Amino acid sequence: EPSKFPQALAIATTAYMTCYMMVASVTYWKSGSNAPSYLLDALPFALSRAVAGFCMWIHVSISFAINSQALCRAIVAFMERRGDKRHKFESLPSDDEGEDEDEREDEREGAGDEEQKGSDK
């Protein structure tokens with residue numbers, strides 16, 4: 001629901017900032033001014049470093065997927081507004097159009113069931 005987006009964004013941003021601040025604080029507390037610029041360098045070569053690296057990989061993969069989708073949509077919207085004749089893009093259906101199509105399909109299925117019941121009598 002779009003009206004809840006500002007609240008969800010505020011909660012997510014607060015959660016991210018809290019996590020980042022906790023990690024930064026613990027790192028500075030443990031290493032002081034000798035904290036490495038790349039945080040994983042502070043971990044010993046053990047299971048903890050492998051787990052942290054894997055979590056970093058998941059984070060980057062998901063962030064890339066989300067950011068690239070937003071970037072691609074923005075590029076397509078820009079090209080459509082510009083009237084670029086070299087590329088033809090199909091319009092993406094809005095949420096309402098998809099619901100209307102589902103409702104029409106349900107109505108067609110319901111009408112077919114009624115016809116079949118009438119022929120069974």
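Q: What does the accessible surface of the protein chain come to, and what share of it belongs to carbon and sulfur atoms?
A: This is a predicted model, where local features need pLDDT of at least 70, side-chain atom pairs count only at pLDDT 80 or more, and totals for chains, interfaces and linings use all residues. Residues are numbered from 1 along each chain as its sequence is written, and side-chain values use heavy atoms, with hydrogens and water left out. Accessible areas come from the Shrake-Rupley method with a 1.4 Å probe, and for residues only the protein chains shown count as cover. The surface comes to about 11,000 Å², and the carbon and sulfur share is 61%.

Q: Which elements make up the protein chain, and in what order do they run?
A: Helices (H or I, at least four residues) and strands (E, at least two) are DSSP runs, numbered from the N terminus. The chain has three helices and zero strands. From the N terminus on, the order is α-α-α.

Q: Which element has the lowest mean pLDDT?
A: pLDDT is the predictor's confidence in each residue, from 0 to 100. The chain averages 76, and 69% of the residues score at least 70. Helix 1 has the highest mean, 87, while the lowest, 56, goes to helix 3 (residues 95–120).

Q: How many Å does helix 2 reach from its first C-alpha to its last?
A: The expected span is 1.5 Å times one less than the number of residues. Helix 2 covers residues 47–82, so 36 residues, with 52 Å expected. Just after helix 2, Gly83 takes a positive phi of about 75°. The reach of helix 2 comes out close to expectation, at 52 Å.

Q: Is Arg49 buried or exposed?
A: Buried means under 20% relative accessible area, exposed over 50%, and partly exposed in between (1.4 Å probe, protein chains only). Of the 121 residues in the chain, 4% count as buried. Arg49 sits in helix 2. Because its relative accessibility is 18%, Arg49 counts as buried.

Q: Which residue's side chain does Arg49 join through a polar contact of 3.3 Å?
A: A polar contact is a pair of N or O atoms within 3.5 Å; within protein, one must be able to donate a hydrogen and the other to accept it, and residues adjacent in sequence count only if both atoms are side-chain atoms. Not counting residues up to four places away in sequence, Arg49 touches Leu40, Asp41, Leu43 and Pro44. The side-chain partner in the polar contact is Asp41.

Key
Contact = heavy atoms within 4.5 Å.
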